[in-house]
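Thanks for asking for a second pair of eyes on this one. Here is my note, point by point, to read alongside the coordinates.

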Amino acid sequence: MSRAADRLKVVVNHLDRPSSFVQASTSGQNVAYYQPQALRYSFDNDLLSTEQRISYEEDGFLLIKGLVSGEDIDRFRAAFERICRREVQVPGLVVMRDVSIAKSEFVPDQKAISKLQDFQEEPELFRYCGLPQILNYVECFTGPNIMAMHTMLINKPPDTGNKTSRHPMHQDLHYFPFRPADRIVCSWTAMEKVNRQNGCLVVLPGSHHGTLKEHDYPEWEGGVNKMYHGVRDHDPNHPRVHLEMEKGDTVFFHPLLIHGSGMNQTQGFRKAISCHYASADCYYIDVRGTTQENIGQEVKEIAARKYAVDDVTFEDTWAVRGRLVQGDRTNL
């Protein structure tokens, strides 16, 4: 059998689909494997190879090299710089600064900004979310009706010595009041070379097979950036993968995958652009009484201050941000 079939045997323990179990005979040997339709986390739409689907099934992430062109990335960078110079005003945009420089004198350039969040009203940046080559892969995980729910351009700054440029290990589902988790996926594209020196993504392969864990702010001496919640308990001995990437490389990952990033130990900025997508068939949930109650309350308080409203819900804050990028808006 092929290497892909050999790897299929590895995922037997992760799947509970006995009806799809197949016994094949090759060269006189019986080999047990699962048919592709038994795979839980992706759809068979002829784009992903069997081996790629198995890799995502096992690890919870899939890296595609060179998916976004250098020309597109340069355009996204130019749009980011225009925002930094205050040449444009974008409705709903959240501009974040690293906690270590948040109280310093504001300088209108990229040195003052560590992240842009919710850029759905900035046409050039939001163009990333509708790139056909991105959506082709997203559809493998969400199905054909696709909502762009959460947008970010991360500008990880050189660490000031307080280690505040780190991002604690976390699961993205902690921030999302919609389900099912298996129909949500993030695309994260490197806008330049990303490595361990400038703080690449660190993932715990296979951690997406677990449940959503309790999150809160880590107790770091140098302080923690706003909304940077971290998993309260994860196995420190779990194998880690450092995703070193080139400009244009894109990683797709499951919202339960535990991941974070290290310090930026260089003098430059580490840029990446990302979007969390969900099937438009997903539905909202009430997070009260769950491990997500703390983030739900924090988001509601921020929204109430920003928009001077008292009755906004956690779900409302997501409903107004979501944008249909393919198919029909069936639910979300």
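1. Let me begin with confidence, as this is a predicted model. Over residues 102-106 the pLDDT stays under 50, and the model gives this stretch 6 contacts beyond four places in sequence. For the chain as a whole, the mean pLDDT is 85, with 81% of the residues at 70 or more. Residues 8-36 are another stretch to read with care: the pLDDT there is below 50, although the model shows 47 contacts for it beyond near neighbours in sequence.

2. Next, the overall make-up. The chain has 7 helices and 18 strands. Of its 332 residues, 53% are buried. If we take the contacts between residues at least 6 apart in sequence, 81% of them join residues at least 24 apart.

3. Four strands form an open sheet in the order E7-E15-E10-E13, paired antiparallel. Strands E7 (167-170) and E13 (241-243) sit at the edges, each pairing on one side only. From one strand to the next, the twist averages 25°. Between E7 and strand E15 (residues 259-261), which run antiparallel, there are 2 bridges. Which residue of E15 is the bridge partner of His-170? That partner is His-259.

4. Ser-207 is placed in the loop between strand E10 (201-203) and strand E11 (215-216). Is Ser-207 buried or exposed? Its relative accessibility is 11%, so Ser-207 counts as buried, the cut-off being under 20%. Leaving out neighbours within four places in sequence, Ser-207 is in contact with His-238, Leu-256, Leu-257 and Ile-258.

5. The other is Met-245, in the loop between E13 and strand E14 (250-253). Met-245 counts as buried because its relative accessibility is 1%. Not counting residues up to four places away in sequence, Met-245 touches Leu-63, Trp-188, Ala-190, Glu-192, Lys-193, Val-194, Thr-250 and Val-251. The C-alpha atoms of Met-245 and Leu-201 are 9.3 Å apart, while 44 residues separate the two along the chain.

6. Now the aromatic rings, of which the structure holds 8 pairs. Phe-76 and Tyr-128 make an edge-to-face pair, with 5.9 Å from centre to centre and 85° between the planes. This pair links distant parts of the chain: Phe-76 belongs to helix H3 (residues 70-84), and Tyr-128 to the loop between helix H4 (123-126) and helix H5 (132-142), 52 residues apart. Both Phe-76 and Tyr-128 are buried.

7. Phe-176 and Trp-318 are also paired edge-to-face, at 5.2 Å centre to centre with 90° between the planes. Phe-176 lies in the loop between E7 and strand E8 (178-179), and Trp-318 in helix H7 (residues 314-319); the pair links distant parts of the chain, 142 residues apart. Phe-176 is buried, as is Trp-318. Elsewhere, ring pairs join Tyr-56, Tyr-137, Phe-141 and Phe-252 into a cluster.

8. Just after H2 comes Gly-60, with a positive phi of about 90°.

9. Finally, some backbone geometry to check. Most residues other than glycine have a negative phi, and most peptide bonds are trans. Asp-46, in the loop between strand E2 (29-34) and H2, has a positive phi near 75°. With a relative accessibility of 73%, Asp-46 counts as exposed. Asp-118 has a positive phi too, about 65°, and lies in the loop between strand E5 (115-117) and H4. Asp-118 is buried, at a relative accessible area of 5%.

10. Arg-179 and Pro-180 are joined by a cis peptide bond, with omega about 5°. Pro-180 is placed in the loop between E8 and strand E9 (184-190).

How values were computed: Residues are numbered from 1 along each chain as its sequence is written. This is a predicted model: local features need pLDDT of at least 70, side-chain atom pairs count only at pLDDT 80 or more; totals for chains, interfaces and linings use all residues. Side-chain values use heavy atoms; hydrogens and water are left out. Two strands pair if DSSP finds at least two bridges between them. Axes are lines fitted to C-alpha atoms, for helices over the stretch in contact, and angles run from 0 to 180 degrees between N-to-C directions. Buried means under 20% relative accessible area, exposed over 50%, partly exposed in between (1.4 Å probe, protein chains only). Contact means heavy atoms within 4.5 Å. pLDDT is the predictor's confidence in each residue, from 0 to 100. Rings of Phe, Tyr and Trp (its six-membered ring) pair if their centres lie within 6.5 Å; planes under 30 degrees apart count as stacked, over 60 as edge-to-face and the rest as tilted.
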